[in-house]
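Open your viewer and keep the selection panel at hand. We will walk from stop to stop, and at each one you will hear what to select and what is there.

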Amino acid sequence: MSKKIVVLGAGTGGTIISNNLRRHLPEDWEITVIDRDDRHIYQPGMLFVPFEIQKAKSLVRSRKKYILPGIDFVIDEIIHIDSEKRKIRTKNHTFSYDFLVISTGCKIAPEENDGLMDAWGRNAFTFYSVEGADLLRQKLKEFDGGKLVLNIAELPFKCPVAPIEFVFLADWYFKKRGIRNKTEIELVTPLTGAFTKPKASAVFGESAREKNIKITPTFELNEVNGKEKYIESIQGDKISYDMLVIIPTTIGDEVISNSGLDDGIGYVPTHLNTLRALKHDRIYVIGDATNVPTSKAGSVAHYEADVVVFNIMAEIHGIKPEEIYDGHSTCFIVYSKGTSSLIDFNYKIEPLPGKFPLPHMGPFSLLKETKANWYGKLGFEQLYWNVLLAGRHLGMPPTLVMAGKEVG
Ligand SMILES: Cc1cc2nc3c(=O)[nH]c(=O)nc-3n(C[C@H](O)[C@H](O)[C@H](O)COP(=O)(O)OP(=O)(O)OC[C@H]3O[C@@H](n4cnc5c(N)ncnc54)[C@H](O)[C@@H]3O)c2cc1C
C-alpha cells in the first residue's frame, strides 16, 4: 500500500487533524493539507469585534505557522474530488490519496437571500466574516438608538450560540453607551427558541426576557427589503428594523457539490458515529463540512478529529472503523463583557447544569452565568492557538462525560 493522506481545508478541523495524524503516524506516511490561502482566522473572536472587545486584525494568523514540520502544506484552490480514482484536483496540481479527510467547512452566502445584496453594507451587516465584523463595529459606533434586529436566515448555520451571544452583548454595549433605553433588540430565528436544544433554549430565553430582548421564533426568511427596512417571512410576516445584523444562508463549499459528494446543500453525508463518508470508502469528514446533527463548532471538529485519527489508524491495521463519536459539543455562551455560561452536550443528552471539566470542582459551571466562565472564554483563545490546533489532548475523551452533570 502506498501511504498518502490528504486533508482538504486547513481551518480548525484540518489543522488539528493534520497535526494529530503527524504525531501518530510513522514518517513513511505522507500527509498533505491543502487550503486556498494562508489566513487562519480565530472565528470565535469575530463575535467580539463589533463590540470593540477584540481587534479584527488580531484574529488572523499564518496557517503555515500552526502546521507541524513533516506535513506538506499546499496553498491552492481545490477543484474536484474523484472518490473512485482517489484523486484530488486543485487549480495547479493533482494529488492521489489512500485516505482523505474532508474539512472544507461551510460559508455564508448572502447572495442566496432575496434582496439582501441591496441592503448589504448599507443597513444589513454580519459578524460572520472578519471584514463584516469590523464594518459592523464602525456602524454600531454610529448607531444612536432605534431597532436592531438579528436574523438567522436559514438552518443549518455555524455556531448556533453566536446569535444569542450577539444580542446579549448588544444589550451590554448599548447600556455602556447609555442608549439602551432608546434601543430595541430583537432576535428573529427559524428555530423554535433561542437555541437548538429545548432545555438550554428555555434558560437562554429567560435571560433574554430579563434583558428585555425580544425573541421571535419560527421565522423563515423570504426577503430582505433594505429600502423600506424590513424582513419578510415566507408566511408574509414583516419585521421592521433600523439596523439588520444577519447570518445569511450558510452552505458547504462548492467543491463538495461539484464532485457529487453532497446532500443537496453542500454537506457530505457522514456516518454519525464513525465519521466516515456514508457513500465513499477511505473518506472521513470532520467539522462544518459534515451533515451530522450536532453544532457546527470548533469544539466539535476537535472531538471529531480524535475519532477520525483512531479510525484511520484502525483501517490501516485492517480493523473496521469504530462507532465512537456521540455528537459531543462544548460551547461558552457570553452574557456580557465579564460573564459567560457554558454548555456541554451530545446527540442524545441535552445541556445539563453541573461543573466542567472536573466533576464537582469545575472551575466552570454549566448552564449558569459566571465570571469564571468568562475567564474560560478569554483563556480559550490561547488554548486554541497553542494546544488545540497542535492536535494535542487535554486528557479528556472526545465523547461526553456524565460525571459532574446534575441529572433530574
Ligand atoms: C462568529 C463565530 C463565532 C464562533 N464561535 C465559536 C465558539 O465560541 N466555539 C466553537 O467551538 N466554535 C465557534 N465557531 C465555529 C467554528 O469556528 C467553526 O465551527 C470551525 O472553525 C469549523 O472548523 P472547520 O475546519 O470545519 O472549518 P473552517 O475552520 O472554516 O475551515 C475550512 C477551511 O477549508 C478551506 N476550503 C474550503 N473549501 C476550499 C477549497 N475549495 N479550496 C481550498 N480551500 C478550501 C477554507 O479556506 C477554510 O480554511 C464560531 C464561528 C463563528 C462564525
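How far does a polar side-chain atom of Gln-43 lie from an oxygen atom of the ligand? Select both and you will find 3.2 Å. The protein covers 94% of the 1000 Å² of accessible area that the ligand has on its own (Shrake-Rupley method, 1.4 Å probe; for residues, only the protein chains shown count as cover).

A word on the ground rules: this is a predicted model, where local features need pLDDT of at least 70 and side-chain atom pairs count only at pLDDT 80 or more, while totals for chains, interfaces and linings use all residues. Residues are numbered from 1 along each chain as its sequence is written, and side-chain values use heavy atoms, with hydrogens and water left out.

**Stop 1: the ligand's nitrogen contacts**

Now pick Glu-77, where a side-chain N or O atom is 3.3 Å from a nitrogen atom of the ligand. Asp-253 has a side-chain N or O atom 3.0 Å from a ligand nitrogen.

**Stop 2: the shell**

Select the 30 residues around the ligand; Thr-12, Gly-13, Asp-35, Asp-288 and Gly-298 come nearest (a residue is near if one of its heavy atoms lies within 4 Å). By class, the shell has eight nonpolar, twelve polar and ten charged residues (Ala, Val, Leu, Ile, Met, Phe, Trp, Tyr, Cys and Pro count as nonpolar, Asp, Glu, Lys and Arg as charged, and the others, Gly among them, as polar).

Colour α1 (12-24) and α7 (298-316) next: each supplies at least two shell residues, and α1 gives the largest share, three (helices are DSSP runs of H or I with at least four residues, strands are E runs with at least two, numbered from the N terminus).

Why does the ligand lie between domain 1 (4-107 + 252-316) and domain 2 (108-250)? Both domains give residues to the shell, so the ligand lies between them (the bounds come from an automatic or database domain assignment).

**Stop 3: backbone details**

Go to Pro-156, in the loop between β12 (146-152) and α4 (162-176). The peptide bond from Leu-155 to Pro-156 is cis, with omega near -10 degrees. Another cis bond runs from Gly-362 to Pro-363, with omega near 15 degrees; Pro-363 is in strand β24 (residues 362-366).

Finish at Glu-52, in the loop between β3 (39-41) and β4 (60-62). Glu-52 is not a glycine, yet has a positive phi of about 60 degrees.

Conventions. A polar contact is a pair of N or O atoms within 3.5 Å; within protein, one must be able to donate a hydrogen and the other to accept it, and residues adjacent in sequence count only if both atoms are side-chain atoms.
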